[in-house]
Amino acid sequence: MTENSSTRLDKWLWAARFYKTRAIAKQMIDGGKVFYNGQRTKSGKAVSIGDTIKIRQGFEEKEVDVIALADKRRDATFAVTLYKETTNSIASREKNALARQQGILLSPASDTKPDKKQRRKLRQFKERI
């Protein structure tokens with residue numbers, strides 16, 4: 001942990017293991033996937049203890065409160081001590097995961113591949129449109 005009262009946002013996200021590299025963290029911040037205290041920001045923004053960061057990763061959207069600062073990447077057990085996910089975030093992620101699971105269960109994939117005749121019909125149908 002650092003002794004200073006703030007660290008760069010991209011460094012903190014990298015140290016907290018949300019992204020594999022600082023370059024990826026910077027891309028996500030610049031791409032609008034990370035919100036700092038409810039607003040888009042730059043990767044050089046100083047993060048302080050008590051700030052709220054919203055992170056979108058694939059289907060998941062996490063909202064975390066910063067409880068410690070670090071500018072060096074260490075093991076995953078240390079990274080978890082840097083933040084605390086909000087209860088609303090946990091609940092919404094579980095709800096979304098359940099909805100995705102049920103969506104998959106409602107339209108399961110076929111057990112067999114289409115045979116030659118079915119593939120021809122599919123191709124004709126697609127080319128017709």
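Hi everyone, let me start with a lining: by class, the largest cavity is lined by 2 nonpolar, 1 polar and 4 charged residues. Here Ala, Val, Leu, Ile, Met, Phe, Trp, Tyr, Cys and Pro count as nonpolar, Asp, Glu, Lys and Arg as charged, and the others, Gly among them, as polar.

A word on the source: this is a predicted model, where local features need pLDDT of at least 70, side-chain atom pairs count only at pLDDT 80 or more, and totals for chains, interfaces and linings use all residues. Residues are numbered from 1 along each chain as its sequence is written, and side-chain values use heavy atoms, with hydrogens and water left out.

Back to that cavity. Searching the whole structure turns up 1 cavity of 30 Å³ or more, and the largest has a volume of about 30 Å³. A cavity is a set of points on a 1 Å grid over the protein atoms alone where a 1.4 Å probe fits but cannot get out, and lining residues have an atom within 4 Å of a point. Points are joined across faces, edges and corners, and the volume is the space filled by probe spheres set on them. The lining consists of Phe-59, Glu-60, Glu-61, Arg-93, Asn-96, Ala-97 and Arg-100. Strand E6 (60-66) and helix H4 (87-106) each give two or more residues to it, and the largest share, 4 residues, comes from H4. Helices (H or I, at least four residues) and strands (E, at least two) are DSSP runs, numbered from the N terminus.

Now, the aromatics. Which residues form one aromatic cluster? They are Trp-12, Phe-18 and Tyr-83. Rings of Phe, Tyr and Trp (its six-membered ring) pair if their centres lie within 6.5 Å, with planes under 30 degrees apart stacked, over 60 edge-to-face and the rest tilted. The structure holds 3 such pairs. Trp-12 and Phe-18 have ring centres 6.1 Å apart and planes at 35°, so they are tilted. Trp-12 is buried at 0% relative accessibility, and Phe-18 is buried too, at 8%; buried means under 20% relative accessible area, exposed over 50%, partly exposed in between (1.4 Å probe, protein chains only). For Trp-12 and Tyr-83, the centres are 6.4 Å apart and the planes at 75°, so that pair is edge-to-face. Because Trp-12 sits in helix H1 (residues 9-15) and Tyr-83 in strand E7 (residues 83-85), the pair ties together parts 71 residues apart in sequence.

Last, a backbone detail. Arg-17, not a glycine, has a positive phi of about 65°. Arg-17 lies in the loop between H1 and helix H2 (22-30), and is partly exposed at 38% relative accessibility.

Definitions and conventions:
On a 1 Å grid over the protein atoms alone, a cavity is a set of points where a 1.4 Å probe fits but cannot get out, and a pocket is an open set with protein on both sides within 12 Å along at least five of seven lines; lining residues have an atom within 4 Å of a point.
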